Every structure is written in C-alpha cells, then in structure tokens.
Amino acid sequence: MRRTGMTRRSLVAGAAGLVAAMTTGGDAVASAVRRGGGEDRLVRGELRGVWVATVANLDWPSKKGLTAAAQEAELIAHLDRAVRLRLNAVVLQVRPTADALWPSPYEPWADCLTGVQGQDPGWDPLATAVREAHDRGLELHAWFNPYRVANHTDPARLSASHPARRNPDWVLPYGGKLYYDPGLPEVRRFVQDAMLDAVRRYEIDAVHWDDYFYPYPVAGEAFKDDAAYERYGGGFPDRATWRRDNVDRLVREMGERIRETRQGVRFGISPFAVWRNKATDPLGSDTRAGVETYDDLHADTRKWVREGWIDYICPQIYWHIGLATADYAKVLAWWAATVRGTGVGLYVGEALYKAGDPAQPAPWQDPAELSRHLTLARDHDEVDGHIFFSAKHVAADRIGAMARVVADHYQDRVRAPR
C-alpha cells in the first residue's frame, strides 16, 4: 500500500506496558460505549483490523529465509497480539508481487518467504493463517495486489516460471517497477483467476485490495500502454476514460466471480482516500490533495460504492484532524455521505505508522490523535470500523497511540460486522 511520506526504518520492538498487560475480555457480540452527548448505546459489531504487509518483508516474515517454524511463530505472534488488543480481523497480504503465499497453480511462491521466488517454503502460510485466525475468533481478509509484478524492472530476476516471463507482452515498466498492463483483457482474466484460486481453496472471510490500480504518477514518465489502447480503446473518447473502464471491469467482474465461487466471502477495497477534490468536481471532497484516484489512478472509487460492486470500502484517511489540504474530519464525512444508503460497509484506514514519527507534524506526536479519530467516527453511523497500518507498528506502538485507542474504545471484544 502506498504510504505517503512513510519511511521504512526499523522500529524498536516492544509494546507499551498498558497493551502488554491487557486481557482478551469477553467474547461479547457488542459492548456498551459512551457516545457523544453522554448517551450510552450498544455498539453493533464493528471491524477492528490490522494490516500485515508481506511485500519487502514490511511486517512479516521479519526477514527472508527464516525456517518454516520461525515464520509460523512470528505469524502466530501477530494473531495473538490482535486478540490481546481486542481486534477482530487481520488483513494478510497473500499476493504481494504477482506471487503467492499458498501453493498456487498460477503463480510462484513469494520471495518474501525464502528469499527465492518460486521456492517452496515447506508449509502453507495461507492455510495456517486462516485456521489459526479462526481458532482465535479473528477474521482473515486475504489481501491481494492485482497488477504489481515487481519492485524492480528486470524480468530476469523473476522466477523462470513466472507468468510475466512467459508472457512478456503483458508487462510494462514504470517508475522503477514492473506492472501487468490493465488494458489487456487476458491480463484482467488471469489476475482474477490467480486470486480466485485462494477464494476457492481457503475459507477466507474477504478478498481485500489496496490502492494500486494504474500506478501512481511519476513526473516526466509515461505509462506506455499505447499498444493496448490502440487495440482496445477505439470506442472511448480518450485514454483516461478507457483506463477507468478497464479498472471498472476488473472490480465489477471480480465481485461477481467471488460471489459465484464462494458464498459469504466479502470483497473490499482500500483506496487512497481522495476520489476527487471539490475544485476538480463539485461532487468531490473539500480537499486539495495532490493525488485524485479518479484522475491519477483511473480508479473511480465512488462509482464502485454507488454501483454496489464491492461489499466494503476502506479509504486510507492517513491525515490528522485539521490538516489544511486534507482534513481527516472532512474526508471522513465525505465517505460517510458516499456510502449512505448503498449497503456498502465503510471502514477507515488509520495511519498508526505516523504516530510518534519525528518526521510528522505535531498532531502525530500526541498519543491521543488516533483515539480522537475513533471518537469522531462515532458521529457517523455509516462507519463500521477501522483498520490500522500496520502490524509492526501495532507491536512497537512508539508513543502508546494504539494503547490509547484500545483503552478508550476497545474495552471488550466484539465480532466483526457481517
């Protein structure tokens, strides 16, 4: 997932004392909480999630080449921590770079496991994650990245059997990375098939996508999909409209195929949080963001909600309350209004990684900033929960921001909404 301004520095291990001392509490379906105006109400089930990123070993495994036993132990530690913090969902990245954390017939084993793409790690991480999460009362949302192939531009570094090497015309370099070309129907079908293999074989609770569709713009560089546009773009007024249609088709078709494959598996997407600025489109949010998903990523996130193609949306509202260019409160209110009446769930992506980062502005040095986000969200009935980025930051909890969230908002365990 794209973390604007994020550094990848290692963090000091160890959770805050408050968190370490917590017990799991009851497995209640709902708990009494304080709402605005002093009113006590029962909270319906809310999602309380954490992202576990595997790309570049961001969260797990802690490094490449660990034994299967060590990898499993680290994974179990993340699940146990989620239970201690009274979370109820883990969003595990299982297809980070067109490779897999299960024995896929479509794509090679992920190199984040052994350090060698295509090498069998000696166990099935996805099967273990599903089983162990469910044993602990946690949902397991399988997180896939549809189009990213590699965080480099050298196809020779991919495993010999990699589909990108067998089909070089599917792949485009851009911004120092390799991507599948979203404009090719055969690519769209292939990536769906690859992801649906996991839906078919494992009792995952949801398919989860992040914010990468067409890649984030790189100044002075063009995404060279001319051949696909010349072949398939004739019926569209311009390339941008054609690109949005390509992504729309991917989303709509994937939702349909998930429902056909396994009933009860939800489909959720976690986009960059600004669809369009109001200055660009009166329907947009009161923001001045430098990226707009509609125009820059060709991802019409608002349309997906309004059409009901997805079951939940989790915008990455990675800003503090009061930020002039993108105020958390204003962006949250825009998304609440967008999902209202659609039946699409709204979870909020929270930037725990910013809490206590000395490179961030003053609000992120306050351990209470994230807790205020959850308090504010209670004023919007459309908000069904929050997901925190990411697992290693939950573990480190530099300034106790996560501990504050748990103390203020997660006093009992609740089940995730269905």
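Helices (H or I, at least four residues) and strands (E, at least two) are DSSP runs, numbered from the N terminus. With that settled, here is the protein.

This is a predicted model, so to say: local features need pLDDT of at least 70, side-chain atom pairs count only at pLDDT 80 or more, and totals for chains, interfaces and linings use all residues. Residues are numbered from 1 along each chain as its sequence is written, and side-chain values use heavy atoms, with hydrogens and water left out.Confidence next. pLDDT is the predictor's confidence in each residue, from 0 to 100. The mean for the protein is 91, and 89% of its residues reach 70 or more. Where pLDDT is low, the predicted coordinates should not be read in detail.

Now the overall build. The protein has 14 helices and 13 strands. Of its 418 residues, 59% count as buried. Buried means under 20% relative accessible area, exposed over 50%, partly exposed in between, with a 1.4 Å probe and protein chains only. Take contacts between residues at least 6 apart in sequence: 74% of them join residues at least 24 apart.

On to helix 4, residues 125-135. Which residues of helix 4 are buried? They are Pro 125, Leu 126, Thr 128, Ala 129, Val 130, Glu 132 and Ala 133. Their cover includes helix 2 (68-84), strand 4 (89-95), helix 3 (111-114), strand 5 (139-144) and helix 6 (185-201). Asp 124 caps the N-terminal end of helix 4. One of its side-chain oxygens lies 3.2 Å from the backbone nitrogen of Leu 126. After helix 4 comes Gly 137, with a positive phi near 75 degrees.

Next, a helix pair. Two packed helices are described by the angle between their axes and the distance between the axes. Axes here are lines fitted to C-alpha atoms, for helices over the stretch in contact, and angles run from 0 to 180 degrees between N-to-C directions. The axes of helix 11 (residues 328-339) and helix 12 (residues 369-377) come within 11 Å and cross at roughly 35 degrees. Tyr 328, Ala 329 and Leu 332 of helix 11 make the contact with His 373, Leu 376 and Ala 377 of helix 12.

Two cis peptide bonds to point out. One joins Trp 60 and Pro 61, with omega about -20 degrees. Pro 61 sits in the loop between strand 3 (47-52) and helix 2. The other runs from Phe 389 to Ser 390, with omega near 0 degrees. Ser 390 lies in the loop between strand 13 (383-388) and helix 13 (391-396). Is Ser 390 buried or exposed? It counts as buried, because its relative accessibility is 1%. Setting aside neighbours within four places in sequence, Ser 390 is in contact with Val 50, Trp 51 and Asp 59.

Arg 86 has phi near 60 degrees. Where is Arg 86 found? In the loop between helix 2 and strand 4. Arg 86 is buried, with a relative accessible area of 10%. Asp 397 also has a positive phi, about 45 degrees. Asp 397 is in the loop between helix 13 and helix 14 (401-409). Asp 397 is buried as well, at 4% relative accessible area.

How values were computed:
Contact = heavy atoms within 4.5 Å. Polar contact = N/O pair within 3.5 Å; in protein donor to acceptor, adjacent residues only side chain to side chain.
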